[in-house]
Amino acid sequence: MKQVLVMVLTLGTVAIISGGILSRVNAWAQSLITANLDATTEQAVFMVQPAGERYEKVEGVDFTVYRVFDSDDRFVGYAMVYEGTGYQGTIRLMAGLNEDLSQIVAIEVLEDSETPGLGALINEEKFKDQFKGLVTSPAITWVKGAAPSMPNEVQAITGATISSRAVVDIINEGVAELRRSLVE
């Protein structure tokens with residue numbers, strides 16, 4: 001009985017010390033993670049709005065949106081961060097939109113956990129480039145096994161239709177929500 005009590009106390013002590021150390025490491029790492037996320041987001045703003053020189057956050061919107069301005073301080077459009085569910089988890093992306101939200105400038109995937117070699121192809125330039133100049137009204141659609149024939153269509157990635165559709169859905173939902181927010 002005494003031996004069991006010593007083992008329980010020893011294991012309990014080790015668990016408490018280990019938990020405390022992990023908590024400290026997590027607190028230390030969280031600030032680095034946040035700083036890295038902020039840097040990635042800032043870099044993405046200028047990737048989806050190449051004419052941009054500065055940006056400011058739009059207030060009163062339930063998700064992250066920036067107004068982007070060129071070197072002459074003219075408004076060039078928006079950079080919108082929106083997320084949704086992909087095949088394996090959350091896909092978080094940024095879309096650059098022109099001034100009236102009628103056309104996509106570019107997109108950038110900020111975070112995903114899609115299947116390597118399949119769904120993760122949403123990160124490839126070949127897929128993302130399809131969104132450049134795409135009209136947002138009517139809503140963006142996707143086609144499978146054929147080249148896009150409409151100004152609002154992209155071609156889904158073979159073998160990764162769910163991930164392709166998720167990107168399209170995320171952009172459509174984000175644009176619709178941004179339109180509603182800017183009207184109010």
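**Helix α3 against the sheet.** In this predicted model, helix α3 (residues 161–183) lies across β2, β3, β4 and β5, contact meaning heavy atoms within 4.5 Å. Helix α3 runs at about 125 degrees to β3; axes are lines fitted to C-alpha atoms, for helices over the stretch in contact, with angles from 0 to 180 degrees between N-to-C directions. Helices (H or I, at least four residues) and strands (E, at least two) are DSSP runs, numbered from the N terminus. Residues are numbered from 1 along each chain as its sequence is written. Local features of this predicted model need pLDDT of at least 70, side-chain atom pairs count only at pLDDT 80 or more, totals for chains, interfaces and linings use all residues, and side-chain values use heavy atoms, without hydrogens and water.

**The five-stranded sheet.** The open sheet has the order β1-β2-β3-β4-β5 with antiparallel pairing; two strands pair if DSSP finds at least two bridges between them. Its edge strands, β1 (54–57) and β5 (104–111), each pair on one side only. Five bridges join β2 (residues 65–69) to β3 (residues 75–85), and R67 stands opposite Y78 in β3.

**The salt bridge of K128 and E108.** The closest N and O atoms of K128 and E108 are 2.9 Å apart; a salt bridge is a side-chain nitrogen of Lys or Arg within 4 Å of a carboxyl oxygen of Asp or Glu. K128 belongs to helix α2 (residues 125–128) and E108 to strand β5, 20 residues apart. Both K128 and E108 are buried (under 20% relative accessible area; exposed is over 50%, partly exposed in between; 1.4 Å probe, protein chains only).

**The network around R54.** Salt bridges link R54, E56 and D73 in a network. R54 and E56 meet at 3.4 Å, N to O.
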